[in-house]
Amino acid sequence: MPLWRQLEMVSRRYQVSLAKKLNHLGIERHFYLMLAIDEGVGKFTQQDLADILEIDKVLMVGILNYLSENGFVERKQNKEDGRKHRIVLTGKAKAALPEIRKTISDLNRQALSELPANLAENFPEILRLIRGSLENLQDDKNSSKKRPARNQLKSRSPSRGALKTLAVLRK
């Protein structure tokens, strides 16, 4: 079975388990995004969040609409640039964060419980290495088209805080 399919199956089971444990909050998904928003302390824009999570900005709008309609996030106009909106958590979301964090931590521990201790401890690093290998393949493919590698692009890169959050959330 291809690696992507195995990872997809694990991810789906994880998400279903997380949704069941947190269904009383009134949402079924996107708990991870609320943690990222919290780490940004109201400084992240929609674009920052899309960059951090490596998802399309149209998908990000849909996710934020879902969380907004359910009372978990608000869009606030950016004082420095009126075209941008900062994404902030509501009081309802902030109240739910400790439970979300604990539930994710417990689920992570449960998901890795059958692994030998040294493998469970190194699992995040293993995933990071797999991801890096796949990014290198993509960079190799792009280099044949004379495009710069992703880390060399001068684009709308996320703020330093966004990058710090990304590093923390990927652990």
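Me: Which residues have the most contacts inside the largest nonpolar core?
Reply: First, a caution: this is a predicted model. The residues with the most contacts inside that core are Phe31, Leu33, Met34, Ile37, Leu49, Leu67 and Ile100. The core has 29 residues.

Me: Which helices and strands each supply at least two residues of this core?
Reply: Helix 2 (31–40), helix 3 (46–53), helix 4 (57–69) and helix 5 (91–112) do. Strand 2 (85–89) does too.

Me: Back to Leu67. What is Leu67 in contact with, leaving aside neighbours within four places in sequence?
Reply: Ile27, Arg29, His30, Leu33, Met34, Phe72 and Val73.

Me: Now the helices. At roughly what angle do the axes of helix 2 and helix 5 cross?
Reply: Roughly 115°. The axes come within 10 Å. The crossing is left-handed.

Me: Which residues make that contact?
Reply: Helix 2 brings Phe31, Met34, Leu35, Asp38 and Glu39. Helix 5 brings Ala93, Leu97, Ile100, Arg101 and Ile104.

Me: How many of those are nonpolar, polar or charged?
Reply: Seven are nonpolar and three are charged. No polar residues take part.

Me: New topic. Where does Thr45 lie?
Reply: In the loop between helix 2 and helix 3.

Me: Does Thr45 count as buried or exposed, and why?
Reply: Buried, because its relative accessibility is 9%. The cut-off for buried is under 20%.

Me: And what is Thr45 in contact with, beyond four places in sequence?
Reply: Asn78, Lys84, His85, Arg86 and Ile87.

Technical notes. Residues numbered from 1 in each chain as written. Predicted model: local features only at pLDDT ≥ 70, side-chain atom pairs only at ≥ 80, totals over all residues. Heavy atoms only, no water. Core = buried A, V, L, I, M, F, W, Y, C linked by side-chain atoms within 4.5 Å. Buried < 20%, exposed > 50% of the residue type's maximum accessible area, 1.4 Å probe, protein only. Helix = DSSP H or I, 4+ residues; strand = E, 2+ residues; numbered from the N terminus. Contact = heavy atoms within 4.5 Å. Axes fitted to C-alpha atoms, helices over the stretch in contact; angles between N-to-C directions. Left-handed = near helix turned anticlockwise from the far one by under 90°. Nonpolar A, V, L, I, M, F, W, Y, C, P; charged D, E, K, R; others polar.
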